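Open the model in a viewer and keep the sequence panel beside it. The stops below say what to select and what is found there.

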Amino acid sequence: MRILVTGGAGFIGSALIRFLINSTEHSVLNVDKLTYAGNLDNLRDVSSSKRYFFSQVDNYFPQSMTEQLFGMTNFFKLIGNLTNQILSYPTNTEKV
Ligand SMILES: NC(=O)c1ccc[n+]([C@@H]2O[C@H](COP(=O)([O-])OP(=O)(O)OC[C@H]3O[C@@H](n4cnc5c(N)ncnc54)[C@H](O)[C@@H]3O)[C@@H](O)[C@H]2O)c1
């Protein structure tokens with residue numbers, strides 16, 4: 001299967017991707033904006049896998065996701081925002 005994980009450079013998303021690459025045969029596309037919380041070091045040990053792909057995209061804007069969604073069979077949304085950002089940018093948070 002081809003699996004899309006948004007927020008995959010974060011705490012939970014990176015753990016999920018490490019599991020999917022190391023313990024299954026699935027391919028994973030990680031779509032992450034790389035905010036203060038996103039850290040690709042979390043994925044260092046799977047980044048060289050031929051089944052792992054990364055795209056730095058802001059998921060606030062659905063049109064930017066169109067190409068990424070092609071052919072995906074499963075979708076895990078693990079994007080996160082700090083509470084103070086939710087209060088400052090409520091519309092963006094609702095879109096995510
Ligand atoms: N960690 C917990 O204990 C916990 C508990 C309950 C619920 N959650 C929820 O689970 C989700 C993941 O949690 P986490 O701890 O892994 O969060 P995290 O903050 O560690 O990671 C969030 C990731 O989302 C990315 N991101 C943020 N905005 C984005 C955008 N607009 N487009 C693309 N990527 C974007 C960040 O770069 C980061 O890599 C969150 O929604 C969180 O609220 C977490």
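In which loop is glycine 10 found? Select glycine 10: the residue sits in the loop between β1 (2-6) and α1. Helices and strands are DSSP runs, H or I over at least four residues for helices and E over at least two for strands, numbered from the N terminus.

Before going further, note that this is a predicted model, in which local features need pLDDT of at least 70 and side-chain atom pairs count only at pLDDT 80 or more, while totals for chains, interfaces and linings use all residues. Residue numbers start from 1 along each chain as its sequence is written.

**Stop 1: glycine 10**

Stay on glycine 10. Glycine 10 counts as buried because 21 other C-beta atoms lie within 10 Å. The classes rest on C-beta atoms placed from the backbone: a residue is buried with 20 or more others within 10 Å of its own, exposed with 12 or fewer, and partly exposed in between.

Now show the contacts of glycine 10. Leaving out residues up to four places away in sequence, glycine 10 touches Ala37, Gly38, Leu78 and Gly80. A contact here means that two C-beta atoms, placed from the backbone, lie within 7 Å.

**Stop 2: the ligand**

Display the ligand and the residues around it. The shell holds 21 residues, and the closest are Gly7, Gly10, Ala37, Gly38 and Gly80. A residue is near a molecule if its C-beta atom, placed from the backbone, lies within 6 Å of it.

Colour the shell by class: nine residues are nonpolar, nine polar and three charged. In this scheme Ala, Val, Leu, Ile, Met, Phe, Trp, Tyr, Cys and Pro are nonpolar, Asp, Glu, Lys and Arg are charged, and the others, Gly among them, are polar. Which helix gives the most to this shell? Helix α1 (residues 11-23) does, with three residues.

Next select alanine 37, in the loop between β2 and β3. Alanine 37 is partly exposed, as 16 other C-beta atoms lie within 10 Å. Apart from residues up to four places away in sequence, alanine 37 touches Gly10 and Gly80.

Leucine 34 lies in the loop between β2 and β3. Check its backbone: phi is near 60°, a positive value in a residue other than glycine. Leucine 34 is partly exposed, with 14 other C-beta atoms within 10 Å.

**Stop 3: the sheet**

Switch to a cartoon view. The chain has four helices and four strands, and from the N terminus on the elements run β-α-β-β-α-β-α-α. The four strands form an open sheet in the order β3-β2-β1-β4, with parallel pairing. At the edges are β3 (52-55) and β4 (74-77), each of which pairs on one side only. Two strands pair if DSSP finds at least two bridges between them.

Select β1 and β2: five bridges pair them in the parallel sense. Isoleucine 3 has valine 28 in β2 as its bridge partner. β1 is mostly covered, with four of its five residues buried.

Then move to β2 and β3, which run parallel and are joined by four bridges. What stands opposite leucine 29 in β3? Phenylalanine 53 does. Phenylalanine 53 is partly exposed, with 15 other C-beta atoms within 10 Å. Outside the four places on either side in sequence, phenylalanine 53 touches Val28, Leu29 and Asn30. With its own neighbours within four places in sequence set aside, leucine 29 is in contact with Arg2, Leu4, Phe53, Ser55 and Gln68.

**Stop 4: the nonpolar core**

Finally, select Ile3, Leu4, Val5, Ala9, Ile17, Leu20, Ile21, Val28, Leu29, Val31 and Leu43, the 11 residues of the largest nonpolar core. β1, α1 and β2 (27-31) are the elements that give two or more residues to this core. Such a core is a set of buried Ala, Val, Leu, Ile, Met, Phe, Trp, Tyr and Cys residues joined through C-beta atoms within 7 Å. Of the 96 residues of the chain, 22% count as buried.
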